[in-house]
Amino acid sequence: MVWVNALVQGILLGGLYALFACGLSLMFGVMRVVNLAHGDFAVLAAYLAIAVITGLHIPVLWSALVVAPLFAVVGYLVQRFIIQRSLDVSPLTTLLVTFGLSIVIQNALLTALSANSQSLPSGSLASASVQVNGQVSIGYVSAMVFVTSVVVVVALQLFLSRTGLGRQVRAASDDQEAASIVGVNVRHVYGIAAAIAFFTVALAGIAFGMYSSFDPAAGPQRLIFAFEAVVIGGMGSLWGTLAGGIILGVAQVLGAQVDAGLGVLAGHLVFLAVLALRPSGLIPARIT
Amino acid sequence: MIGANGAGKSTLMRTIAGLLSPVAGTIRLDGQDTTRLPTHKRVAAGIVLVPEGRRLFPSLTLEENLRIGATRARRGGWNLARVYELFPWMAERRDRPTAFLSGGEQQAVAIARALMANPRILLLDELSLGLAPVVVHRLYDILPDLLAAEMSVLLVEQDVTQALRVSDWAHCLLEGRITLSGRPRDLAPADVEAAYFGLAGKHAGGPG
């Protein structure tokens with residue numbers, strides 16, 4: 001029963017990783033950009049949420065309604081004015097530029113808000129849970145985050161496969177030049193994809209902030225988990241990312257069940273095993 | 001537009017479509033300067049390219065490939081129903097990816113995708129490249145239908161005979177310069193040959 005509980009908690013934690021990773025997956029799948037500042041943007045979103053919560057006196061969940069749309073706008077602008085310019089130079093330049101963004105965000109947060117660790121004031125929500133039986137209990141926050149991540153992945157898939165704009169995103173991802181000759185404004189479409197990715201980063205940042213405390217330097221450490229989820233699932237595949245997140249979460253919690261120090265290591269080992277045995281990931285697919 | 005390999009035909013097409021910027025000079029459409037217009041806006045202005053190598057979208061179904069052609073469509077007679085009328089086989093395979101189609105069928109989809117934008121100028125680059133002669137013949141049979149729909153076609157072709165048979169006006173390109181222009185019926189084969197291969201002589205330059 002202890003193991004069943006660990007499995008359930010692992011799946012729920014995987015939801016957080018998947019939510020966090022799907023923006024990374026989307027940006028890689030559509031514009032072949034690996035956003036090294038992904039984790040730092042999530043931390044930035046959490047700090048922004050604190051500001052919104054204290055400034056507007058609203059509960060933590062409502063802060064997402066302000067921060068996520070704002071982040072979508074930020075994502076569009078960052079893509080159009082920073083990442084696109086480096087993309088025009090060479091794909092490798094985007095690594096340098098997003099790495100630079102990562103450093104800038106960390107140090108700006110450090111300067112403005114000190115290195116003290118923070119957490120989102122989630123009140124009674126943080127500890128509230130449903131007792132399924134003697135051994136298994138499900139926290140409200142983790143259940144909510146899991147449901148959110150599934151909803152986000154399903155909504156993204158529907159957007160990509162059913163809407164005209166989603167079709168343009170897929171076309172631009174397939175062949176940028178061919179997309180422009182059928183009338184797709186590729187730069188705008190890339191901006192839209194980044195806006196969606198940043199929307200989900202904001203949700204993930206707030207979710208992370210409700211799970212655990214964070215400080216200005218927390219980004220890169222979290223980015224590793226997002227990377228692992230994306231690579232386990234298959235670069236650029238959203239369903240793969242969801243599966244990858246869940247596998248990573250389960251590995252970490254089961255590992256921690258064996259020994260408290262083994263959690264993160266177990267996740268890394270699964271990641272390495274997938275990388276060695278199935279380098280293209282479990283569901284190797286492009287954004288479709 | 002005819003010319004040997006490396007004459008600059010595809011470069012010209014890509015420049016007109018906006019994929020390349022000219023080093024000098026301007027591109028005008030009905031007197032409007034389009035030189036600085038990005039590619040996707042040229043589509044809205046009516047300049048649509050069917051690129052060399054077809055360049056269909058592998059992750060889109062056949063119908064999605066057609067629909068995306070209408071992203072910036074002008075008003076006009078071309079729509080999905082009309083395309084399916086011209087190519088009934090496409091309707092039957094609308095939900096399948098285009099990777100399973102033959103080269104000729106893919107070329108037809110690429111043309112149909114461009115038609116969905118209701119172009120004023122349709123740029124066809126190397127229509128027959130890599131296709132069986134019988135397939136090429138079938139594709140050329142539909143060109144008169146397109147021309148009837150108040151659309152100009154700029155065709156780049158290595159198959160000179162085929163190109164001259166269907167066109168109203170022909171230009172021969174050599175090392176980036178037009179060496180011969182005229183109505184196909186006025187062009188003597190010897191002149192075309194001289195212009196095509198750049199043979200200096202009394203014929204080069206042509207009547208154009």
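Residues are numbered from 1 along each chain as its sequence is written, and chains are lettered from A and ligands numbered from 1 in the order in which they are written. Since the model is predicted, local features need pLDDT of at least 70 and side-chain atom pairs count only at pLDDT 80 or more, while totals for chains, interfaces and linings use all residues.

In the contact between them, 16 residues of chain A face 21 residues of chain B; two residues are in contact if their C-beta atoms, placed from the backbone, lie within 7 Å. On the chain A side, the elements that give two or more residues are α6 (164–174) and α7 (176–181). Helices (H or I, at least four residues) and strands (E, at least two) are DSSP runs, numbered from the N terminus. The largest share of this side, 5 residues, is supplied by α6(A). Sorted by class, the chain A side holds 5 nonpolar, 5 polar and 6 charged residues. Here Ala, Val, Leu, Ile, Met, Phe, Trp, Tyr, Cys and Pro count as nonpolar, Asp, Glu, Lys and Arg as charged, and the others, Gly among them, as polar.

Within chain A, two helix pairs are worth a visit. Helix α2 (residues 38–56) packs against helix α8 (residues 186–211) at an angle of about 65°, and their axes are 7 Å apart. Axes are lines fitted to C-alpha atoms, for helices over the stretch in contact, and angles run from 0 to 180 degrees between N-to-C directions. The angle makes α2(A) roughly perpendicular to α8(A), given that angles under 35 degrees count as roughly parallel, over 145 as roughly antiparallel, 65 to 115 as roughly perpendicular and the rest as oblique. The two helices cross in a right-handed sense; a crossing is left-handed if the near helix is turned anticlockwise from the far one by less than a right angle, and right-handed if clockwise. Residues of α2(A) in this contact include His38(A), Phe41(A) and Ala49(A), and among their counterparts in α8(A) are Phe198(A), Val201(A) and Phe208(A). By class, this contact has 12 nonpolar, 3 polar and no charged residues.

The second pair consists of helix α9 (residues 219–233) and helix α11 (residues 263–277) of chain A, which pack at about 35° with their axes 9 Å apart. The crossing of α9(A) and α11(A) is left-handed. Glu228(A), Val231(A) and Ile232(A) of α9(A) make the contact with Gly267(A), Val270(A), Phe271(A), Val274(A) and Leu275(A) of α11(A). The classes here are 6 nonpolar, 1 polar and 1 charged.

Turning to chain B, an open sheet of 3 strands has the order β4-β5-β6, with parallel pairing; two strands pair if DSSP finds at least two bridges between them. At the edges stand β4 (47–50) and β6 (152–156), each with a single partner strand, so one side of each has no neighbour in the sheet. On average, neighbouring strands are turned by 15° against each other, direction ignored. The parallel pairing of β4(B) with β5 (residues 121–125) covers 4 bridges, with Ile47(B) opposite Ile121(B) and Val50(B) opposite Leu124(B). In a regular strand the side chains alternate between the two faces of the sheet. In β4(B), Ile47(B) and Leu49(B) point one way and Val48(B) and Val50(B) the other, and all are buried (buried means 20 or more other C-beta atoms within 10 Å of the residue's own, exposed 12 or fewer, and partly exposed in between, with C-beta atoms placed from the backbone). Helix α1 (residues 9–17) of chain B lies across β4, β5 and β6, running at about 145° to β5(B).

Another open sheet of chain B has 3 strands in the order β1-β7-β8, and its pairing is mixed. Its edge strands, β1 (2–3) and β8 (177–182), each pair on one side only. β1(B) runs parallel to β7 (residues 170–174), joined by 2 bridges, and Ile2(B) stands opposite Cys172(B).

Two glycines complete the picture. Gly10(A), in helix α1 (residues 2–31) of chain A, is buried, with 24 other C-beta atoms within 10 Å. Gly103(B), in helix α6 (residues 103–115) of chain B, is partly exposed, with 13 other C-beta atoms within 10 Å. Leaving aside neighbours within four places in sequence, Gly103(B) is in contact with Gly130(B) and Leu131(B).
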